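Here are a few exercises to work through with the model open beside you. Try each task before reading its solution.

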Amino acid sequence: MQTAIEVTDLTVAYRDTPVLWDVDVSVPRGVLMAIVGPNGAGKTTLIKAMLGLVRAAAGRTLIEGKPYAEQRRLVSYVPQRGSVDWDFPASVLDVVMMGRYGNLGWFRRPGRRERELALEALQKVKMQDFADRQISQLSGGQQQRVFLARALVQDARIYLMDEPFAGVDAVTERAIVTLLQELRSAGKTVVVVHHDLQTTPEYFDWVTLLNVRTIASGPVNEVFTEENLRKTYGSRVGFVAGIDSGPASAPGHQRAPGSRSMVNSIERI
């Protein structure tokens, strides 16, 4: 299996306090992977370190065998919605077309082709009717869909998303899940910072459990176990038996044995 992202011996510290310590993660091509861990575990920092947005004290990240600086056109990034200035005066269509800037170079302006691609991406996230709306006028879930459209229009090979389900309603969450699974089916690699243990085995086929260090990483049906979750969360995870695990989310997807019944609640800290 070919590797899309290879993180080796990665250490990041803020004011001499390690946020990530000697992290190793290997992400195969064509998987839909969740990064899961408690608050303060370094999940967002790991994504940002992969992109070179935070400085690593040690270690490296390779994107399809090369440094990110040489492969940035292969990668699309969806940040946390709360980190974006939504009062910036731009229409929905303008925001989505920004995703094409990296393909245009310094001297070309977006034209008809870029507009068509942006409208196609908005249609995929069911936001085409809002193309002329100011981004600040949208609900949180609608804004999240627009950012996903901006990522789609880049036509990247690798998608890094920081909590795309945060603050969205159930309908939007299901739409996002379907979109991510379609990207996986198209051979794309998708890495998502995720906070909901109960939906992890339903939505994802690969998982990295993180708490400053890598606790475990691999296929959900091998890694998402009670033992590994206790190592990751300690006493903050509640395990309750007897909840129906339900069907898998995609054909051929294997849920971790007993995983949904195993994880019922997580104490927020």
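**Exercise 1.** Work out whether Glu 116 is buried or exposed, or in between, and which side chain it meets in a salt bridge.

*Solution.* Step 1: Glu 116 has a relative accessible area of 36%, so it counts as partly exposed (buried is under 20%, exposed over 50%, partly exposed in between; 1.4 Å probe, protein chains only). Step 2: its side chain meets that of Arg 113 in a salt bridge at 3.8 Å, N to O (a Lys or Arg side-chain nitrogen within 4 Å of an Asp or Glu carboxyl oxygen). Step 3: Arg 113 is partly exposed too, at 48%. Step 4: both residues belong to helix α5 (residues 112–124), 3 residues apart, about one turn (helices are DSSP runs of H or I, at least four residues, numbered from the N terminus).

The model is predicted: local features need pLDDT of at least 70 and side-chain atom pairs 80 or more, while totals for chains, interfaces and linings use all residues. Residues are numbered from 1 along each chain as its sequence is written, and side-chain values use heavy atoms, leaving out hydrogens and water.

**Exercise 2.** Find the salt-bridge partner of Glu 202, and say which helices the pair links.

*Solution.* Step 1: Glu 202 meets Arg 174 at 3.2 Å, N to O. Step 2: Glu 202 sits in helix α8 (residues 200–203) and Arg 174 in helix α7 (residues 170–185), 28 residues apart, so distant parts of the chain are linked. Step 3: Glu 202 is buried at 13%, whereas Arg 174 is partly exposed at 36%.

**Exercise 3.** How many salt bridges does the structure hold?

*Solution.* There are 8. Arg 29, Glu 64 and Arg 157 are linked in a network of them.

Key: Helices (H or I, at least four residues) and strands (E, at least two) are DSSP runs, numbered from the N terminus.
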